[in-house]
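Subject: Structure for you, with salt-bridge notes

Hello,

Here is the structure we talked about. Please look it over alongside the notes that follow.

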Amino acid sequence: RGKALQPLFQMSCSCSKVGDPRPGHPYKGGNFCAFLPENIEGVKIAQLLKKAFECGLTFQIKSCNGEERVTWGPIPHKTSWDGGKARNGYPDAQYLHEVGTVL
């Protein structure tokens, strides 16, 4: 296994806006960690993920048990360095291609 880039997103609590499940209601934030291989393709994907984050595409607010909270959005992220595709981890030979296509 090689070196990894490990983006960390810290989402604070706030109030939801128009287009969220319950506009104007508070939601819980959280810490979200992802993994990318530290290679040329991984760095390119990291730059694209940064742009997606800046455009508000990385996360969404979902209602769960009557409570709004920040969750991952439609862009796939590897949240574990191991465990394979079934556990959002590596090895997953197609991940960089798949996420690059989404981005």
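The side chains of Glu54 and Lys50 form a salt bridge, at 3.4 Å from N to O. Salt bridge here means a side-chain nitrogen of Lys or Arg within 4 Å of a carboxyl oxygen of Asp or Glu. The two residues sit four apart in helix 1 (residues 40-54), so about one helical turn separates them. Glu54 is exposed at 54% relative accessibility, and Lys50 is exposed at 53%. The cut-offs: buried is under 20% relative accessible area, exposed is over 50%, and partly exposed is in between (1.4 Å probe, protein chains only).

Before you go further, note that this is a predicted model: local features need pLDDT of at least 70, side-chain atom pairs count only at pLDDT 80 or more, and totals for chains, interfaces and linings use all residues. Residues are numbered from 1 along each chain as its sequence is written, and side-chain values use heavy atoms, with hydrogens and water left out.

The structure has five salt bridges. Here are the others.

Asp92 pairs with Lys78, with the closest N and O atoms 2.7 Å apart. Both residues lie in the loop between strand 8 (67-72) and helix 2 (95-102), and the pair links distant parts of the chain, 14 residues apart. Asp92 and Lys78 are both buried. Helices (H or I, at least four residues) and strands (E, at least two) are DSSP runs, numbered from the N terminus.

Lys85 bridges to Glu98, and their closest N and O atoms are 3.4 Å apart. Lys85 is in the loop between strand 8 and helix 2, while Glu98 is in helix 2, so the bridge ties together parts 13 residues apart in sequence. Lys85 is partly exposed at 48% relative accessibility. Glu98 is also partly exposed, at 31%.

Then there is a network: salt bridges link Lys28, Glu67 and Arg69.

One further residue to look at is Arg22. Where does Arg22 lie? It is in the loop between strand 3 (14-15) and strand 4 (26-28). Arg22 is partly exposed, with 33% relative accessibility. Leaving aside residues up to four places away in sequence, Arg22 touches Ser16, Gly66 and Glu68. Contact means heavy atoms within 4.5 Å. Ser80 is 58 residues from Arg22 along the chain, and their C-alpha atoms are 31 Å apart.

Best wishes
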